[in-house]
Amino acid sequence: MAYDIKIKGGLVHDGSGHEPRRADIGIRNGVIVAIGAFPEAADREIDATDCLVTPGFIDLHSHYDGQATWDDQLEPSSRHGVTTTVMGNCGVGFAPVKASDHERLIKLMEGVEDIPGTALAEGLKWNWESFPDYMNALDAQNRTIDVAVHIGHDPLRVYVMGDRAIADEQASADDIASMRRIVREAMEAGAIGFSTGRSDVHKTADGDWTPSSEATAKELAGIAQAFDGLDHGVVQAVSDFDLEREGDRFEAEWKVLEAYARAAGGRPFSMSLMQRDFAPDQWVRILEKAEQMKAEGVDMRVQTAPRGIGVFLGLQCTFHFFMGYPSYKKIADKPFEERVAIMKTPDFKAQILSEKTDKLSGPGSSIPPLADLLMEHIDFVATKLFQLGDPPDYEQPPENALAAKAEAEGVPLMEKLYDTLLERDGKELIYFPIYNYTEGDYANVMKMMTHPQALQGLGDGGAHVGTICDASMPTYLLSHWTRDRTRGPRIPVERAVQMMTGDIADFLSLTDRGYLREGLKADINIIDYGGLQLEPPHMVKDLPAGGQRLLQGARGYKATLVSGVPVVMDDAFTGEKPGRLVRAGR
């Protein structure tokens with residue numbers, strides 16, 4: 001019997017971490033029906049000679065919650081071999097919601113995830129109230145790749161508590177019972193899990209703490225009880241352990257997270273893990289606690305990244321070094337090209353370099369105190385500021401940093417930063433690995449990634465669109481860590497593939513994907529391994545209302561298939577849209 005598609009002669013990495021084998025793959029009706037050597041013909045054949053054939057990558061941590069309601073391509077993730085992305089992390093989202101709270105949730109997402117409020121206001125259709133309604137709205141739209149979604153603590157709290165949710169008030173027993181009921185309803189409708197956000201870096205566009213950031217252990221544990229008796233669903237959290245507040249509050253915060261994880265009916269729990277410069281050993285403490293919980297029977301995981309969690313600084317970006325300077329603030333509202341022209345004049349340059357920055361954070365500002373702290377320590381920060389180049393190099397030695405270059409050239413640091421921002425007609429992007437690069441190398445990243453409780457995540461696709469472009473991490477993990485790395489050990493290809501496929505499918509209890517096996521969904525990548533390469537990030541204006549975002553492409557994806565349909569061929573979209581909503585537990 002003929003196949004719809006036959007993938008011929010590829011080196012098959014099946015997602016299990018086992019040694020690859022050369023084989024053909026037969027696909028019929030969106031499902032893998034044969035792997036091996038077989039003579040049967042197909043309506044379409046794809047030559048995978050000299051290519052890797054892998055399961056489609058599963059992106060554990062994204063924020064396309066708004067974008068997925070109007071955008072059917074879901075870039076950048078769909079450019080990097082991702083066939084399933086999990087949205088609704090960090091406690092933010094757009095459901096459940098009352099009509100009176102639309103603007104409130106937009107300001108929350110704008111502040112926390114740096115997504116232009118104007119784009120959200122124009123793009124969101126708001127044809128839902130309950131979380132099942134929202135899932136139905138997602139399910140009604142075809143797109144390049146599949147999406148799964150957490151129900152987030154922030155919109156849930158606002159829906160139940162109204163104004164009290166953002167006034168630092170504790171939830172009552174009735175509030176908690178209502179939130180638990182709504183989460184259970186979401187899980188029974190197929191939500192992938194429940195997420196909460198407890199980071200001081202996250203603020204609304206008005207500069208307020210997020211609703212979930214102040215929730216008590218009693219509240220979180222009460223909500224997590226919604227998972228009792230379920231055989232699907234995960235719980236997720238992000239926390240910086242109150243770093244921006246006085247004193248060491250690690251133990252108190254851990255008790256909150258521990259109560260939350262233990263109450264979740266045995267369902268898996270994950271939290272973000274990274275090395276922060278101002279608390280460089282915190283990640284070690286987190287891993288020690290996670291190991292202890294695992295030993296006590298709690299399925300605790302940590303979400304890690306394969307490189308620095310990096311922000312881009314530039315005149316087109318959300319942040320840059322001179323945005324708080326008096327002279328710059330006078331021209332900040334002018335069109336980009338006009339600003340650049342003014343900044344190139346010697347008089348303006350001399351004036352601004354004679355000034356000091358004003359404070360950026362404070363009442364009414366969504367900019368976190370961390371930004372002011374970084375400017376106060378700009379001499380240190382500049383030891384980790386890099387120009388990525390083409391192809392982009394994310395693991396550069398300290399001598400490549402702009403601080404080192406300024407010293408070598410005998411130029412004052414701020415002048416070097418100023419001149420660099422103006423390169424490429426003001427479009428230069430300066431890379432700052434704000435996390436995971438304290439020592440200037442990936443030694444600790446390697447320890448985090450290879451920990452037995454680690455999961456690949458933190459790409460943040462769809463979020464921080466004016467300053468971060470980490471949705472390219474799948475391509476980076478495969479190209480840098482298995483092939484190109486020179487500053488330390490590498491990771492075997494079969495293990496890297498498993499980290500992005502089988503490991504995450506197992507964690508999420510997704511039994512129809514994550515592996516190349518007969519009977520499973522035909523989500524497949526065909527990759528020119530030798531030619532796999534990241535392209536440099538660049539800014540585009542393609543969001544609703546003219547909003548801008550960073551995008552990053554890749555070369556080397558001969559094909560990406562979703563449910564047996566090629567959505568990418570030779571690094572270009574085919575126009576096909578087989579992607580749908582994943583309903584967990586169904």
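View A. The model shown is predicted. A salt bridge joins the side chain of Arg 104 to that of Asp 101, with an N to O distance of 3.5 Å. Asp 101 has 8% relative accessibility and so counts as buried.

**View B. Arg 104 and Asp 163.** Which residue meets the side chain of Arg 104 at 2.6 Å, N to O? It is Asp 163, and the contact is a salt bridge. The pair brings together distant parts of the chain, 59 residues apart: Arg 104 belongs to helix H1 (residues 102-113), while Asp 163 sits in the loop between helix H4 (153-161) and helix H5 (173-188). Asp 163 is exposed, because its relative accessible area is 54%.

View C. Is helix H4 mostly covered or mostly open? Mostly covered, with 8 of its 9 residues buried. The buried set consists of His 153, Asp 154, Pro 155, Leu 156, Arg 157, Val 158, Tyr 159 and Met 161. These residues pack against two strands, E8 (146-152) and E9 (193-198). They also pack against the helices H1, H5 and H6 (217-224). After H4 comes Gly 162, which has a positive phi near 60°.

**View D. Ser 213 in the loop between E9 and H6.** Ser 213 is placed in the loop that runs between strand E9 and helix H6. The relative accessible area of Ser 213 is 7%, so this residue is buried. With its neighbours within four places in sequence set aside, Ser 213 is in contact with Gly 197 and Arg 198.

View E. The side chains of Glu 428 and Arg 424 form a salt bridge with an N to O distance of 2.7 Å. Glu 428 is buried because its relative accessible area is 10%.

**View F. The whole chain, for context.** The protein chain contains 20 helices and 24 strands. How does the radius of gyration relate to that of a compact globule? The value for the chain is 24 Å, which agrees with the radius near 25 Å that a compact globule of 586 residues would have. Along the principal axes, the C-alpha atoms fill a box of roughly 75 × 60 × 45 Å. Buried residues make up 63% of the 586 residues. Of the contacts with a separation of 6 or more, 75% are between residues 24 or more positions apart. The accessible surface is about 21200 Å², and carbon and sulfur atoms account for 48% of that surface. There are 61 positive and 90 negative side chains, and the centres of these two sets are 2 Å apart.

Notes: Residues numbered from 1 in each chain as written. Predicted model: local features only at pLDDT ≥ 70, side-chain atom pairs only at ≥ 80, totals over all residues. Heavy atoms only, no water. Helix = DSSP H or I, 4+ residues; strand = E, 2+ residues; numbered from the N terminus. Rg over C-alpha atoms; globule rule 2.2 N^0.38 Å. Buried < 20%, exposed > 50% of the residue type's maximum accessible area, 1.4 Å probe, protein only. Contact = heavy atoms within 4.5 Å. Areas by Shrake-Rupley, 256 points an atom, 1.4 Å probe, with all protein chains shown as cover. Lys, Arg positive; Asp, Glu negative; His and termini not counted. Charge placed at Lys NZ, Arg CZ, Asp CG, Glu CD. Salt bridge = Lys/Arg side-chain N within 4 Å of Asp/Glu carboxyl O.
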